[in-house]
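Dear colleague, here are a few notes to read alongside the model.

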Amino acid sequence: MTIRSIFLNPDESRLRAGWRIALFILVFALISWGLVAALFQIFSRDIGIRVPLAIPIVTAVGVLAAHWVMTRFVDRRPLASVGLGFHNRTLLELAQGIVLGTAMMSVIFVVLTTAGMAEFQFKTLTTGEAAGMIGICVVEFTLVAWNEELLFRGYLFQTLVEGTNRLIAVCAFALFFAFVHISNPNVTVFSLVNIALAGVWLSIAYFKTRGLWLPIGLHFSWNFFQNNVFSFPVSGLQKSETQLGILRDTGPAWITGGSFGPEGGALATLVLLAGTLAIWYLPIFKISEHTWTGESHSHI
């Protein structure tokens with residue numbers, strides 16, 4: 001093996017997938033740190049206090065910029081190729097994700113409340129207060145969905161698929177997705193299994209459409225309705241200040257998820273499995289004719 005072959009895949013004369021993954025992480029870190037440093041200079045104090053959404057916004061800009069740098073200068077392909085292209089099914093895929101994610105979380109809410117395992121009532125809010133809560137959640141969970149889908153189903157994930165195969169990439173990123181939630185409040189082994197399963201669900205959504213719009217829609221609506229509308233904890237985080245109602249969990253934690261929220265219970269396991277199968281088998285979810293579908297065989 002030559003020095004050149006350590007870095008370059010001889011079949012394609014470009015960086016091996018492992019080096020491209022490492023380079024993406026470096027580029028993302030440098031851009032993000034640079035943006036954070038600039039904001040600290042502007043505000044001269046804790047930007048987390050002055051601008052509550054500053055870090056998610058910096059992450060959103062940083063992750064998109066890192067995708068552009070890697071696709072433009074390293075892979076020599078369009079940014080749209082990672083699944084962000086605008087085509088004849090873009091809005092449809094985004095809408096499908098929002099509808100399916102809403103339906104899945106609604107099933108959990110309806111089953112728990114009708115079975116007497118949860119009690120819910122809306123808060124007494126003015127129209128302005130309710131609109132403010134909804135607006136905050138729309139922005140917050142849009143950023144969460146954008147950031148996490150680009151990081152977990154975007155360039156890094158897709159490059160690992162190229163360097164290994166789909167099964168390895170899906171399993172690796174499902175475990176990684178669970179790992180980043182390991183320090184969340186009230187986390188359990190069961191909740192981590194469900195988080196990993198959610199990673200598989202979202203990965204299947206990417207493979208079925210070869211775009212990120214469907215998983216972004218799924219991710220957004222799952223979190224938005226879980227927190228803002230149905231007032232569950234989200235991955236262990238109780239965000240009562242942005243919830244339209246008050247929900248009291250009265251059922252067994254292994255079903256309801258308890259203080260971690262639905263993602264910690266068996267009902268969510270069943271719903272996630274059903275949602276994954278629906279995406280895989282229903283013909284309404286498909287690849288657009290204008291979507292980048294090429295998969296190379298570059299080695300790690």
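How much space lies in the largest pocket? About 450 Å³.

1. Ground rules. This is a predicted model, in which local features need pLDDT of at least 70, side-chain atom pairs count only at pLDDT 80 or more, and totals for chains, interfaces and linings use all residues. Residues are numbered from 1 along each chain as its sequence is written, and side-chain values use heavy atoms, with hydrogens and water left out.

2. The largest pocket. A pocket here is an open set of points, on a 1 Å grid over the protein atoms alone, where a 1.4 Å probe fits, with protein on both sides within 12 Å along at least five of seven lines; lining residues have an atom within 4 Å of a point. Volume is the space filled by probe spheres set on the points, which are joined across faces, edges and corners. The lining has 22 residues, and Val144, Glu148, His181, Asn184 and Ser235 lie nearest the centre.

3. Who lines it. Helices are DSSP runs (H or I, at least four residues), numbered from the N terminus. At least two lining residues come from each of α6 (127–153), α9 (189–209) and α10 (213–229), and α6 gives the most, with 5. By type, the lining holds 13 nonpolar, 5 polar and 4 charged residues; Ala, Val, Leu, Ile, Met, Phe, Trp, Tyr, Cys and Pro count as nonpolar, Asp, Glu, Lys and Arg as charged, and the others, Gly among them, as polar.

4. The second largest pocket. About 190 Å³ of space lies here. Its lining divides into 11 nonpolar residues, with no polar and no charged ones; among them are Phe24, Phe28, Phe152, Phe173 and Phe176. The main contributor is α2, with 5 residues, while α2 (17–43), α6, α7 (155–163) and α8 (166–179) each supply at least two.

5. A nonpolar surface patch. Ile3, Ile6, Phe7 and Trp19 together have about 380 Å² of accessible area, computed by the Shrake-Rupley method with a 1.4 Å probe and only the protein chains shown as cover. Such a patch joins nonpolar side chains (Val, Leu, Ile, Met, Phe, Trp, Tyr) within 5 Å, from residues with over 30% relative accessible area and no salt bridge (a side-chain nitrogen of Lys or Arg within 4 Å of a carboxyl oxygen of Asp or Glu). Helix α1 (residues 3–7) gives the most, with 3 residues.

Key. Patches are made of residues with over 30% relative accessible area and no salt bridge: like charges are joined within 9 Å, nonpolar side chains (Val, Leu, Ile, Met, Phe, Trp, Tyr) within 5 Å.
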